[in-house]
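Here are some exercises to work through with the model open beside you. Try each task before reading its solution.

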Amino acid sequence: MHTAIARRLADDLRAAGFTTAAVHALIGDAAESALTRAVAAPARRALARNPHDAVAVLARLFVLGDVVDSASVAAALPGTGLGDAERLGVIERRGDSVAPAVAVRPHVFADGGDGWIASDLDELAGVFPLRADHVLGVGGAGRTLVSLLPPSGGGRALDLGCGCGLVAFELHRRGFEVVATDISPRALWFTRLGAALNDLAGIDVREGSLYEPVGDERFELIASNPPFVITPRVAGVPAYEYRDGGRAGDELMREVVTGAASHLVEGGRAIMLGNWEDRGALAGLERTRGWTEGIGAWVIEREQLDPDRYAELWVRDGGTRPGSDEYEALIGAWLDDFESRGVTGIGLGWVQLMRGSGLRRFERVAQGVDSAVLAAHTAAVWQAAAWLDRTDDMVLAASVLRVAADVTEARHHLPGAEAPSVIELRQGGGLARTVSADPALAALVGASDGELPVGVLIDAIADLLEVDAASLRSDLLPRVRELVLTGMLEVPHRAAD
């Protein structure tokens, strides 16, 4: 990696004002929306209106993958120069024109800072089919993983399967000492390039499979968007390093999850994305339970696909379109592979682990959530789980709780009925949960304003409803624990410390 050249390139990009906001200003909302669908024509037309603008030149070259005249590129990269840009490996000179060798796209990091992510040219840039060692840029999965990361931290963090380096860069910017690993030399090259472009010195980049590059080292945080796609291991089925881990079924996911515990310090967390198989009567979530024995685990299945839909998703992702003989053959290979293991469904979701925690939670959460609040919410869940671990029912009854500010109550009445037939507690943030409540639980939540202990409130509700207080405590306290864990009831900070 020619680090000095990469830094000069960054200086040129910065001087040109090559940011996401600047590109958007040139192309507009509709063209930007089309880019998310890998449709470049509207953006290309808009950029053609400003042929000599440096941002337009750089966007055509590094975002859309267009061949641009040499004079325009040289003017946009005065500090780097065409020769050094070619030496760095980001362009190719073709007579009087310049072609991009990679994509270098503007990016806004989670802290609001502008930067650039380098990756392979893709379908947006007209590259089709993708090379087997294709290095993906910023995609939906990467954004999801970033949204789950703690907003700040310290100590050592591992980005397992770093790809273009997005997660490693985010971890570095949040204060972690980062080790980034990947089996792909090309991915590691992009990570080094991106680190230099964004002036993120000190990321330790290592080549190797899974945990091999880190030996017996331990980390405060492990983050991973591994190549979890379940792909048939038969001749004729293309494999891509960025998505295919080279194992049968969901074996790679199992290895990533089971290997984490021995690489976490006490209290350390792992945050991963993944897929898992339902096999016969055994649901994938239950199979992940077996992968996480001996460590705190919170596994969320966000989506469930049947084998047909899963096969269609990844055959299309590889660039094969319906109607061709190749498409039919690949779909058949996927379905044969699933049938051989008795797979009835595939779960897609998140795995979070914490060494030393007693939390064991495996659930399906299909509703839409606000990614902006995920990191804070998940951190609060782990904190609440730790408090609940050391809080028996007597202490819980003596605790003062308050309803979270984002919780609302909805009551549904049958026509003409005085009493509600359904009472729901709804969470506006977090994982946007909806919890069914009876009058007793609704009254307890409504009265939890941080003033009176839970036990006092239950006794008062028992008197009001004319029921036995001890029986009501036995009924409500487990449900109070659930509401505390999920963030609908909050423990005052002085009690949680």
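**Exercise 1. Find how the axes of helix α14 and helix α18 cross, and which residues meet.**

Start with the axes, which are lines fitted to C-alpha atoms, for helices over the stretch in contact, with angles from 0 to 180 degrees between N-to-C directions. Those of α14 (residues 374-389) and α18 (residues 469-485) come within 8 Å and cross at roughly 145 degrees. Next, list the contacts, meaning heavy atoms within 4.5 Å: V381, A384, A385, W387 and L388 of α14 meet R481, V484 and L485 of α18. Finally, sort these residues: seven are nonpolar, none is polar and one is charged. Here Ala, Val, Leu, Ile, Met, Phe, Trp, Tyr, Cys and Pro count as nonpolar, Asp, Glu, Lys and Arg as charged, and the others, Gly among them, as polar.

Before you go on, a note on the model: it is predicted, with local features needing pLDDT of at least 70 and side-chain atom pairs pLDDT 80 or more, while totals for chains, interfaces and linings use all residues. Residues are numbered from 1 along each chain as its sequence is written, and side-chain values use heavy atoms, leaving out hydrogens and water.

**Exercise 2. Work out which residues of α13 are buried and why they lie on the same side.**

Helices (H or I, at least four residues) and strands (E, at least two) are DSSP runs, numbered from the N terminus. Helix α13 covers residues 325-340. Take buried as under 20% relative accessible area, exposed as over 50% and partly exposed as in between (1.4 Å probe, protein chains only). The buried residues of α13 are Y327, L330, I331, A333, W334, D337 and F338. They share a side of α13 because their arc around the axis is only 155 degrees, judged by the directions from the helix axis to the C-beta atoms. The face turned away carries the exposed D325, E328, D336, E339 and S340. As for partners, the buried residues pack against β10 (264-279), α12 (307-317) and β12 (343-354).

Notes:
The expected span of a helix is 1.5 Å times one less than its number of residues.
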